[in-house]
Amino acid sequence: MFLAASLAVCGCSVSNGGAVAERGAAEDAAVMGSDLSLQELMAHVMQRNAIQMWNWQAFVSDGTGAHSTVPRTDEEWEDAESDALTVGELARTIQQAPYRVDDPMWSKKAQALQAAAAKVAKAAEVRDEDAFLAAGASVNDACVSCHYRFAPQLEGPEPTASPSEAGQG
Ligand code: HEC
C-alpha cells in the first residue's frame, strides 16, 4: 500500500497498482546493489573520473611550448571542483556494499582517497593552484596505496622504505 502510494507521488504508472508495487520493490533492491563488479567500477567509473580530474593538472606540450591545463576561468574551476567531488563520492561508494572489503585497511585506504579528493575540491573552490596540484598527487598516491595492498598485480613491486634501498637511487 505504502509503496504504491509513493509510486503515485513520483509520477510512475499505477494503472496496475499491485504489479507496479511489486516491481517497484524489486527495482529498489536492484538499485541498492549494483550490476557493476568492483573491477568494472574501477575501470569504467573510478579511472574515468579520476583522469577527468587529473586532466586539470597536467602540462601539455605543443608547437608553442608547454602549457599548464590548470583551470583559468571560474567555469573551469567549477568543473574541476565537480570532478574532484565525483571522485570523493566514488571513494565513499567503495566503502559501502557491495564493494566494501571486510578489512579495516580497506576503509582506511578508501577514506584516504576520499580525504585527498576533498582537498582537491576545496583547493578548486578557493582557486589555490599549489594546493590543487599537491592534492591531485595525493589522490594518485591513495589509489596506488590501495592497489599495493588489495590489487598488487596492478602496480608492480611496492618500493620499500628501508634505509639501504632508499640510498640506492
Ligand atoms: C580502497 C581500495 C582502492 C582504492 C582507493 C582504489 N582502488 Fe582501484 N582497484 C582496487 C582493487 C581491489 C582493484 C582490483 C579489482 C579486480 O580486479 O577485481 C582495483 C582495480 C583498479 C583498476 C583496474 C581495473 C581493471 O580493468 O582491471 C583501475 C584502472 C583502478 N583500480 C583505478 C583506480 C583509481 C584511478 C583510483 C583512485 C582515484 C583507485 N583505483 C582507487 C582497489 C582500490
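Student: Does E76 count as buried, exposed or partly exposed?

Tutor: A word on the model before that. It is a predicted one, where local features need pLDDT of at least 70, side-chain atom pairs count only at pLDDT 80 or more, and totals for chains, interfaces and linings use all residues. Residues are numbered from 1 along each chain as its sequence is written.

Tutor: Now for burial: a residue is buried if 20 or more other C-beta atoms (placed from the backbone) lie within 10 Å of its own, exposed if 12 or fewer, and partly exposed in between. E76 has 14 C-beta neighbours inside 10 Å, so E76 counts as partly exposed. You'll find E76 in helix 4, and its C-alpha atom is 9.3 Å from that of A124, 48 residues apart along the chain.

Student: How does V87 count, and why?

Tutor: V87 counts as buried because it has 27 C-beta neighbours inside 10 Å. V87 also belongs to helix 4. Two residues are in contact if their C-beta atoms, placed from the backbone, lie within 7 Å. Setting aside neighbours within four places in sequence, V87 is in contact with N49, A50, M53, A117 and V139. As for the protein of 169 residues, buried ones make up 21%.

Student: How many helices and strands are there in the protein?

Tutor: Helices (H or I, at least four residues) and strands (E, at least two) are DSSP runs, numbered from the N terminus. Here you have seven helices and two strands, and from the N terminus the order is α-α-α-β-β-α-α-α-α.

Student: At what angle do helix 4 and helix 5 pack?

Tutor: Two packed helices are described by the angle between their axes and the distance between the axes. Axes are lines fitted to C-alpha atoms, for helices over the stretch in contact, and angles run from 0 to 180 degrees between N-to-C directions. Helix 4 (residues 74–93) packs with helix 5 at about 165°, and the axes are 8 Å apart. By class, their contact has 13 nonpolar, two polar and three charged residues. In that count, Ala, Val, Leu, Ile, Met, Phe, Trp, Tyr, Cys and Pro are nonpolar, Asp, Glu, Lys and Arg charged, and the others, Gly among them, polar.

Student: And what about helix 5 and helix 6: at what angle do they pack?

Tutor: Helix 5 and helix 6 pack at about 165°, with axes 8 Å apart. That makes helix 5 roughly antiparallel to helix 6. The residues of this contact divide into 18 nonpolar, three polar and three charged. Among those that meet are W106 and L113 in helix 5, and F132 and C146 in helix 6.

Student: Which residues come nearest to the ligand?

Tutor: A residue is near a molecule or strand if its C-beta atom, placed from the backbone, lies within 6 Å of it. Of the 21 residues around the ligand, M42, A43, C143, C146 and A151 come nearest. Helix 3 (38–54), helix 5 (104–125) and helix 6 (129–150) each supply at least two residues of the shell, and helix 3 gives the most, with seven. The shell divides into 17 nonpolar, three polar and one charged residue.

Terms used. Parallel < 35°, antiparallel > 145°, perpendicular 65-115°, else oblique.
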